[in-house]
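We will go from stop to stop, and at each one you will hear what to select and what to look for.

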Amino acid sequence: VRRHALFLSLLLLGCMDFDGLDEEIVLETHVADWRDQVIYQVMIDRFADGDLANNYLVDVSAPARWHGGDWAGLEARLDYLANLGVTALWISPVYRNVETDADVDGYHGYWPQDFTAANPHFGDVKGLRRLVRAAHDRDMLILIDVVTNHIGQLFFYDVNLNGHADEQVRGSGEQSEVFHINEHDPDFDPRGIQSETSLGESGPAPIVFKHDPATNHMPPEPPVLQFAEAYNRRGRTLDFEQPDQLLHGDFPGGLKDLDTTQCFVKDAMVESYARWIELTDADGFRIDTIKHVEREFWRYFTQKVRQRLAAKGKERFFMFGESFDGRDELVGAYTHNDLPSTEQLERENMCVQDGRAITGDQLDGMFEFPQYYQVFRDVFQYGLSTDRIQQLWTRRATRYGTTPTELGTGIPPIETLVNFMDNHDVPRFLFPSTLEGTPDFEGHHLALLFLLTEQGIPCIYYGTEQRFDGGNDPANREDMWLTGYAEDAPTFTWIQKLTGVRKAHSALRRGQQTVVWATSRTGDEEDAGIFAFERVSDDDYALVVLNTHRGHASSPVFQGVPMVIAQPEGTVLVDALAGGTYTVGAGGALSITLEPLTGALLVPQ
Amino acid sequence: MQRRIRHFLAAAALYLWSSPLGAQPPPEEPPEEPPPEPAPEPRPEEPLVPPPEPKIEPKPEPKPKAPPEKTAAVAKKPEAAGTEEEQPINKGKFTFGSYGRVIAATDLQGRPPRDADIVAHGSRLDHENYVELELRRDDHWFALDADTRFVATLALGHPVFHYDGEFDVRLAVRNLYAEERNIGLEGLSFWAGSRMLRGDDIYLLDFWPLDNLNTLGAGLGYEAKTHTKAHIHVGLGQPNNPFYKQEAERPLPLNQFGTATVAILDRIRWIGSARVEQIIPIGEEGAGLKLAGYGEVHQVPSGQRETAQAGVYQDVPKDDGWVVGGQFGAFLGARDTHVNLFARYARGLAAYGEFAAPTALSLDRTASDAHEILVALGGNFELDRVAVMLGGYFRSFRNASTDLDFGDVDEGIVIARPAVFFTDWLGLAIEGSFQAQQRGVLADAGQEEEETPSANPEPLVARVARLGVVPFVTPAGRGSYSRPIFWFIYVASFRDDGARALYPVNDVFRAREIDHYFGVGAEWWFGSTSYGDDE
């Protein structure tokens, strides 16, 4: 009977062309060395609208609403990005989100509701598969943004036990204290949110999942996340400096904090996210809100994901994390390979079911927030001294560690830090100067020169090449299609040139990095604002010299002491950007003078 | 049955649309397909969004019909006897006609019955109650030897008062037009008004595969004595959808208090159609062949709509579409035995049907990339005490959006209803059908709700097999089309995992692999232009 049914089905049905996307995905390793990559961060909802069929509840007039971008749109613009010279795309989270909450939409992707379903605003599984395949066809990689810290605002705490969500004000303010109760987002309570009546507290407040399909406030998926035990249930974080609140509090906005020490939560995250790779053959994860999750989770999650994917043919899977914090000792803690105490390790291994014990491996790299603050903001925007760059870099080995993860990229974390000058959570680089009426395009290009030549993996936020200048979220999430994707825009061509030089010189991608000039001087001194560093690989060399001073030309020389580089006397270096030549003097001395906010990228002639 | 025979026999006398008096207008029911998107089904029991149009009813087969005897037969122009004032200027009559279907039914599990088809046009056995009431006036004008017809058809849908106790009714005007024929030229006709325009259907599927228009407009027809008919029409409409109309509140002028409603976008959908039909008689027994060609053009002008930001406007481009199709039929001229093969291709706006608004547009914000391919077959064979009705179609619809999605569908059905007549009025029919549908999505169709979806989803293919047992009584005699018919209907429907996956969580159709339908009811048609009984 079944055979007849299949036969009839074939007779009745046509050949819907899934273009091979209905076949089982075979995982492959598409990257040789992550240091070769240039990442481009795409906020999918804002980049390109390639399919009007998924434009549900779109309102482009409001920055905090859905705007219609999708995976099909990005796929259609891959050539634009290839021409820019980027090689890896970090895309917004792919799972289904809360549609809208308090009149703000989940267009960004950080309000997960169903970790197993594709975000229908962006397309479907086959659309994502096709995007990944199209990127691979262009030797581009795909990094998927993931969230493990929280879910969207999918439940409320039934503090007054009346079964529905309340916002109340109690007390008169005269003889009794006035206080406000918001059952969606109550203040942090280290005991867990308590229910209470007029007679006092009455124990832990139950959580109640909402059922509103219109806004997709539905119980989370996979189903194991519908257990109350999957959450810390302590209310809204008020002080991120308090470890208990940092790790266990709900993220502001009512994003409910998952109890990521629970074995079943760890497994749910591994299962959900490894599956997205198995579905699409994508190449890595960018992981959100790292510092709000225990390190034991990162050990488990990263190791089990790597093991599972490697077993299916996906090696060198790259995972880098975001810790929105300027302290490198904190940010580096998530790549540093060090084992916890024996007791802690025993506890963590209780979650292991495959016999492969937990090691000290965590993430492969981190989003370099400390550098964002201490270099791109302080040096390139505020004009502070360049020696802080040297100080930051000097600490890197200690902070981030030098041990590659097993089954990971095979590269020390300090060499796969993801550098950026701005992103979707901070104002764009040009915002402050534009606000003051004088957009700092020179400084912008100088910062890009630094970004694309320093050690690590550069990450360019979409629209940088079109000189977007938006302020804080959501103003920094502009619609890319308004630019016309112009490839002759001055910053586009500047980045194009930088990525071209980077691609041509292995030293700029894989070379070791040495600071040859940094200064604490920012005034009228001859080297004020100068910063210079070498990149040296086995068969290549590059020297980058920057003048971050805004007022005068500077040179890497002070009180008659010149800059000395690791090149023999007589070596001729050519500026790969401006074209001039420089000859190395006696003892490796090199003389160069740079106009304000300019730089030189010197390579052997 | 007799009528049916006449229909296929008297080829030259056959009237589809607007032929004079004998017009063989299609029965009721607005076009169900192609729907705005693929097939609207499966429908949850409580659709979140009301259907774009009132679900009007089915109809029985295009009524074969001998050309009604012209009223002119009684309208012989009187000799000049007496003064003109003393002569009647016309002879006319009123006619009441009806198509109806009513049934009391259950799913045998305590719930009301429900259409279990997943394809756009499935078995009509489980269609809900529906009736058309037609009032018609025919006049023959002696002076011109011409005929005038006025038709008003009211359609009422389920639920009926005795079902839900609501003293209310779902009512639609399906026909409201006047037609003139034989004025100036014998065989020439024209009409104006609101009208259903339909050709031949596949009764088992309640489906007009080639032509099925509901229109407000006017038409011109001509029927030659060579068994050739031609008809053109132009109509317009404005479906109730933001694709066509957007209203906004604006301050009243001249410093008045209050607001006025202003139509920012207010565009009409124009539809033109043309049909040519040729009957080729074979032999003296009424057998013959039927060839028909059909086409439509659709057009919507450009306009502007206000965006979500008040005062900011967005251009809405013009849109258009077209249909081309044909039909080949053969009939024996006895006992309604016939077969019809249809083929139809629709492009752009026309692929969505006249009442629908495209919901998934191309990047240029038009429906230009949408298309539908349809091939269908219908027929009836009767011999002695046995009859078999057959039907089936394949349909491939692609909406205008760039990617495959749920709105893109390939589907088809084969259906057969053999019947045996124990007596001239008592019989038993068995209806079997198999339908399959593929949507443009990947899915884990067999996945249990509590399981994490797999990493190997497959294209969604849904299948439903249905088997019905229908004992019936036809007091008008034997025949597949003999009406009225009183019947018991039992239908079992078998869904595979793919079919169940089409329904939302908590929908019983998602849970049930087998569904039942049992009811007792009746179906009739008489005296209605919708069914050819137009004398």
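Start by selecting Glu322(A) and Arg286(A): they form a salt bridge, with the closest N and O atoms 3.7 Å apart. A salt bridge here is a side-chain nitrogen of Lys or Arg within 4 Å of a carboxyl oxygen of Asp or Glu. Glu322(A) sits in the loop between β15 (318-321) and α9 (328-331) of chain A, while Arg286(A) belongs to strand β14 (residues 284-287) of chain A, so the pair ties together parts that are 36 residues apart in sequence. Helices (H or I, at least four residues) and strands (E, at least two) are DSSP runs, numbered from the N terminus. Are Glu322(A) and Arg286(A) buried or exposed? Both are buried, where buried means under 20% relative accessible area, exposed over 50%, and partly exposed in between (1.4 Å probe, protein chains only).

Before moving on, a word about what is on your screen. This is a predicted model, in which local features need pLDDT of at least 70 and side-chain atom pairs count only at pLDDT 80 or more, while totals for chains, interfaces and linings use all residues. Residues are numbered from 1 along each chain as its sequence is written, chains are lettered from A and ligands numbered from 1 in the order in which they are written, and side-chain values use heavy atoms, with hydrogens and water left out.

**Stop two: more charged pairs**

Side chains of opposite charge can pair when their charged atoms come close. Over all chains, the structure holds 80 salt bridges. Select Glu372(B) and Arg344(B), whose side chains meet in a salt bridge (3.4 Å, N to O). Glu372(B) is in strand β16 (residues 371-383) of chain B and Arg344(B) in strand β15 (residues 338-348) of chain B, 28 residues apart. Glu372(B) is buried, with a relative accessible area of 2%, and Arg344(B) is buried at 11%.

Next, select Arg395(B) and Glu411(B), another salt bridge, with the closest N and O atoms 3.2 Å apart. Arg395(B) lies in strand β17 (residues 386-398) of chain B and Glu411(B) in strand β18 (residues 409-421) of chain B, so this pair ties together parts 16 residues apart in sequence. Arg395(B) and Glu411(B) are buried.

Now go back to chain A and select Asp33(A), Arg35(A), Asp36(A), Glu415(A), Arg509(A) and Arg510(A). These residues are linked in a network of salt bridges.

**Stop three: the sheets of chain A**

Switch to a cartoon view. Strands of a sheet pair through backbone hydrogen bonds, either parallel or antiparallel. Two strands count as paired if DSSP finds at least two bridges between them. Trace the open sheet of 8 strands in chain A, whose order is β16-β15-β14-β7-β2-β1-β18-β17, with parallel pairing. At its edges stand β16 (365-366) and β17 (418-420) of chain A, each with a single partner strand, so one side of each is left without a neighbour in the sheet. Zoom in on β15(A) and β16(A), which run parallel and are joined by 2 bridges. Phe320(A) has Gly365(A) in β16(A) as its bridge partner.

Then find an open sheet of 3 strands in chain A, ordered β22-β23-β26, with antiparallel pairing. The edge strands are β22 (557-558) and β26 (589-590) of chain A, each pairing on one side only.

**Stop four: a strand of chain B**

Select strand β14 (residues 319-331) of chain B. In a regular strand the side chains alternate between the two faces of the sheet. The covered face of β14(B) includes Val323(B) and Phe331(B), and the uncovered face includes Trp322(B) and Phe328(B). Which strands run beside β14(B)? Strand β11 (residues 287-300) of chain B is joined to β14(B) by 13 bridges, running antiparallel, and 11 bridges join β14(B) to β15(B), also antiparallel. In the hairpin of β14(B) and β15(B), with 6 residues between the strands, select Gly333(B), which takes a positive phi near 90°.

**Last stop: where the chains meet**

Show both chains. The contact (heavy atoms within 4.5 Å) takes 35 residues from chain A and 43 residues from chain B. Between chain A and chain B there is 1 salt bridge: select Arg130(A) and Asp403(B), whose closest N and O atoms are 2.5 Å apart. On the side of chain A that touches chain B, α1 (2-12), α5 (125-137) and α7 (263-280) of chain A each supply at least two residues.
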